[in-house]
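Open the model in your viewer and keep the selection tool ready. The tour goes stop by stop.

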Amino acid sequence: MQTLEFNSINNSTDNTIEVYRNNLNFNVLYVLHDGGGGVLYAMYDIIRNLPSNFNVYILRGGIDKFRLYKYRSGSDYELSSDDRSIYHNFKLISEWNIKHKYTIKSESIRQYRQIYRHILFEYHIDVVHIHHLIKHTFDIAHIAHDMNIKTILSIHDFYYVCPSYNLFDDKGQYCGGRCSPIMTNDPIKGQCYVPKNIRPPLLKEFIAQWREQVRDMFSCISEIIVPSQFVYNLYTNFYPEIKQKLHIIEHGYDSSSYEITPADNLKTRPIRILIPGNIGYHKGAWFITKLKELDVDGNIELHFIGKLSREYELEKVGIYHGEYERGDFNKFVDEIKPHFIGIFSICAETYCYTLTEAWSSKTPVVALDMGAVGERIRTNGGGYLLSNDPNVAYREIIELSGDVKSYLDMKDEIEDIKITSTSDITGEYVDLYMKNIK
């Protein structure tokens with residue numbers, strides 16, 4: 001592994017560069033941030049299913065360091081509940097100490113440009129697949145375009161609509177990308193929900209400039225992948241010019257072989273609701289707390305698996321079973337035997353792995369009608385969409401728990417829902433890669 005500083009690298013771009021390639025092997029560069037979650041898993045699900053003639057590199061961007069990895073083909077490190085354990089399947093081959101003080105307001109950063117150009121040229125990259133550009137600049141798309149290397153962009157959230165990627169405004173309300181009026185220029189009180197370490201300007205004042213930068217970056221992208229019709233519709237409302245580049249490819253999921261003894265069909269009380277995931281504000285922590293406050297007669301019993309925000313003390317309103325590894329979801333369902341899986345996100349989801357996990361376990365869902373979750377349940381059945389008002393939602397849960405016929409109908413609907421495997425999804429990406437490799 002080498003640490004590179006680029007003190008005197010040539011900063012010019014030769015548009016006539018012919019990137020080396022042979023007839024057998026192809027080099028793919030994946031680009032993402034240094035976080036975890038669904039972005040990392042979606043990327044890894046593609047990589048681990050690629051044919052062996054694909055050499056895979058991953059550029060992981062952070063505030064202080066950029067790291068370049070190469071996938072260890074055939075590796076099968078057992079993943080833990082820590083998402084970043086995925087990187088045990090990769091070899092770190094280079095890293096760069098970042099000298100520039102990053103902010104999303106920086107449209108272009110010289111050191112980043114040097115790193116991107118070096119990787120694309122040095123490792124003979126045939127196609128770039130961007131999974132997220134937070135903590136990066138849009139330079140990567142522009143430089144790849146200048147070098148005649150095609151770029152594919154997978155959209156996992158609403159970052160390219162607004163850096164407040166869950167689309168929460170300064171009041172903590174989901175805005176759908178349509179800014180509410182500016183009530184204050186105070187950099188704290190007037191700021192929308194956004195990670196502090198990207199040092200954002202006041203977003204409502206910056207958003208027009210941001211979208212022009214995004215529009216310019218999109219012009220360098222060959223194909224754009226979204227996981228649901230909801231995301232397609234939202235992005236094309238803001239960027240209608242990208243319609244011809246868009247493809248809808250769902251996230252794949254490999255169903256567990258773990259056998260589950262199903263819960264009784266609402267014959268016992270209390271009603272058990274299992275709530276999985278990283279439960280904080282945007283995943284509806286306050287909504288969940290309110291539901292339990294309304295449950296003065298003890299009609300519902302809440303169970304949690306995953307990571308819980310300390311702020312809301314959810315352990316006091318339900319039973320916390322700890323974090324879970326990806327392959328253990330059905331094991332927890334079998335132990336807890338929930339009547340429902342609860343998905344209470346108060347922002348729009350772009351897809352929602354948790355919904356797929358619930359259906360894979362053959363458990364009906366109760367969820368808020370937001371984004372792709374509402375869209376998928378309306379299309380497939382297998383769940384009940386609740387009011388966004390917790391007072392109404394609580395009554396709906398109680399009424400639903402007394403309707404055995406509707407509950408059994410939901411279970412029957414789940415049997416007909418097709419869950420696409422990660423290998424099948426990867427086949428669609430391979431087709432796109434080969435289309436864009438010259």
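**Stop 1: a charged patch**

Select Glu250, Asp424, Glu428 and Asp431: together they form a negative surface patch. Patch members have over 30% relative accessible area and no salt bridge, and like charges are joined within 9 Å. Asp and Glu count as negative, Lys and Arg as positive; His and the chain ends are not counted. The place of a charge is NZ of Lys, CZ of Arg, CG of Asp or CD of Glu.

This is a predicted model: local features need pLDDT of at least 70, side-chain atom pairs count only at pLDDT 80 or more, and totals for chains, interfaces and linings use all residues. Residues are numbered from 1 along each chain as its sequence is written, and side-chain values use heavy atoms, leaving out hydrogens and water.

Stay on aspartate 424. It sits in helix 12 (residues 422-436). Helices (H or I, at least four residues) and strands (E, at least two) are DSSP runs, numbered from the N terminus. Aspartate 424 is partly exposed, at 46% relative accessibility. Buried means under 20% relative accessible area, exposed over 50%, and partly exposed in between (1.4 Å probe, protein chains only).

**Stop 2: salt bridges**

How many salt bridges does the structure hold? There are 18. Each is a side-chain nitrogen of Lys or Arg within 4 Å of a carboxyl oxygen of Asp or Glu.

Select lysine 65 and glutamate 95. Their side chains form a salt bridge at 3.6 Å, N to O. Lysine 65 is in strand 4 (residues 65-71) and glutamate 95 in strand 5 (residues 90-97), so the pair ties together parts 30 residues apart in sequence. Lysine 65 is partly exposed at 24%; glutamate 95 is buried at 12%.

Next, pick arginine 215 and glutamate 241. Their closest N and O atoms are 2.8 Å apart in a salt bridge. Arginine 215 belongs to helix 4 (residues 203-218), and glutamate 241 to the loop between helix 5 (229-238) and strand 9 (246-248).

Now go to lysine 405 and aspartate 409, bridged at 3.1 Å, N to O. They are four residues apart in helix 11 (residues 404-415), about one helical turn. Lysine 405 is exposed at 59%, while aspartate 409 is partly exposed at 31%.

**Stop 3: a network and a covered helix**

Select Asp45, Arg48, Asp254 and Arg326. Salt bridges link them in a network.

Finish on helix 1 (residues 38-47), where nine of ten residues are buried. Among them are Asp45, Tyr41, Met43 and Tyr44.

Terms used. Patches are made of residues with over 30% relative accessible area and no salt bridge: like charges are joined within 9 Å, nonpolar side chains (Val, Leu, Ile, Met, Phe, Trp, Tyr) within 5 Å. Accessible areas come from the Shrake-Rupley method with a 1.4 Å probe; for residues, only the protein chains shown count as cover.
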